Amino acid sequence: MAPIYAGIIEPTLRATCLSLSGVINGVASILLFVFIDPFLSIKTDDVIEGKCSETEFRMCVVGMVGSKVVGTFLSILFLIPAAKIIVMVAKVL
């Protein structure tokens with residue numbers, strides 16, 4: 001949403017702002033694969049090997065889902081500042 005709002009803030013750079021959406025999603029995907037996926041993979045292996053209970057694993061998954069929901073609501077707070085940063089980056093490009 002931030003790149004779309006950035007295009008509204010600075011209509012002359014609308015295409016550049018919207019193009020930066022892919023960069024933002026790419027960075028988010030890399031962070032997901034670096035931090036979250038290895039943790040869940042290790043936790044899954046621990047359940048299979050009996051080092052961790054299924055209940056503990058389910059609580060971990062519920063925590064991950066809950067943090068995603070909370071993060072989605074918190075992202076609303078960062079919408080306008082993120083859009084302004086995108087406009088600044090688009091002006092540099």
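I take contact to mean heavy atoms within 4.5 Å. With that criterion I looked up phenylalanine 39 and found it in contact with Cys60 and Met64, leaving aside its neighbours within four places in sequence.

**Basis of the entries**

I am working from a predicted model, in which local features need pLDDT of at least 70 and side-chain atom pairs count only at pLDDT 80 or more, whereas totals for chains, interfaces and linings use all residues. Residues are numbered from 1 along each chain as its sequence is written, and side-chain values use heavy atoms, with hydrogens and water left out.

**Entry 1**

I placed phenylalanine 39 in helix α2; helices here are DSSP runs (H or I, at least four residues), numbered from the N terminus. For exposure I used relative accessible area: buried is under 20%, exposed is over 50%, and partly exposed lies in between (1.4 Å probe, protein chains only). Phenylalanine 39 is partly exposed because its relative accessible area is 40%.

Is lysine 43 buried or exposed? Its relative accessible area is 15%, so I recorded lysine 43 as buried. Not counting residues up to four places away in sequence, lysine 43 touches Cys52, Glu56, Phe57 and Cys60.

**Entry 2: α2 against α3**

I next looked up the packing of α2 with helix α3 (residues 54-75); their axes come within 9 Å and cross at roughly 165 degrees. Axes are lines fitted to C-alpha atoms, for helices over the stretch in contact, and angles run from 0 to 180 degrees between N-to-C directions. I class angles under 35 degrees as roughly parallel, over 145 as roughly antiparallel, 65 to 115 as roughly perpendicular and the rest as oblique. α2 and α3 are therefore roughly antiparallel to each other.

On the α2 side I listed Ile36, Phe39, Leu40, Lys43, Thr44 and Val47, which meet Glu54, Glu56, Phe57, Cys60 and Met64 in α3. By class, this contact of α2 with α3 has seven nonpolar, one polar and three charged residues. In that count Ala, Val, Leu, Ile, Met, Phe, Trp, Tyr, Cys and Pro are nonpolar, Asp, Glu, Lys and Arg are charged, and the others, Gly among them, are polar.

**Entry 3: α1 against α2**

I found α1 and α2 packed at an angle of about 165 degrees, with their axes 8 Å apart. That angle makes α1 roughly antiparallel to α2. Pro3, Ile4, Ala6 and Gly7 of α1 make the contact with Arg14, Cys17, Leu18, Ser21 and Ile24 of α2. I noted six nonpolar, two polar and one charged among the residues of the contact of α1 with α2.

**Entry 4: α2 against α4**

At what angle do helix α2 (residues 14-49) and helix α4 (residues 79-92) pack? I recorded about 110 degrees, with the axes 10 Å apart. That makes α2 roughly perpendicular to α4. Thr16, Cys17, Leu20 and Ile24 of α2 make the contact with Ile86, Val87, Val89 and Ala90 of α4. The residues of the contact of α2 with α4 divide into seven nonpolar, one polar and no charged.

I then followed leucine 20, which is in contact with Ile86, Val89, Ala90 and Leu93, leaving aside its neighbours within four places in sequence.

**Entry 5: the core and leucine 79**

A nonpolar core is a set of buried Ala, Val, Leu, Ile, Met, Phe, Trp, Tyr and Cys residues joined through side-chain atoms within 4.5 Å. I found that the largest one has nine residues: Ala2, Ala6, Leu13, Cys17, Leu20, Ala83, Ile86, Val87 and Ala90. The elements giving two or more residues to this core are α1 (2-9), α2 and α4. Its largest share, four residues, comes from α4.

Leucine 79 is partly exposed because its relative accessible area is 28%. Leucine 79 touches Met1 and Ala2, not counting residues up to four places away in sequence. From alanine 6, leucine 79 is 73 residues apart in sequence and 9.5 Å apart in space, C-alpha to C-alpha.
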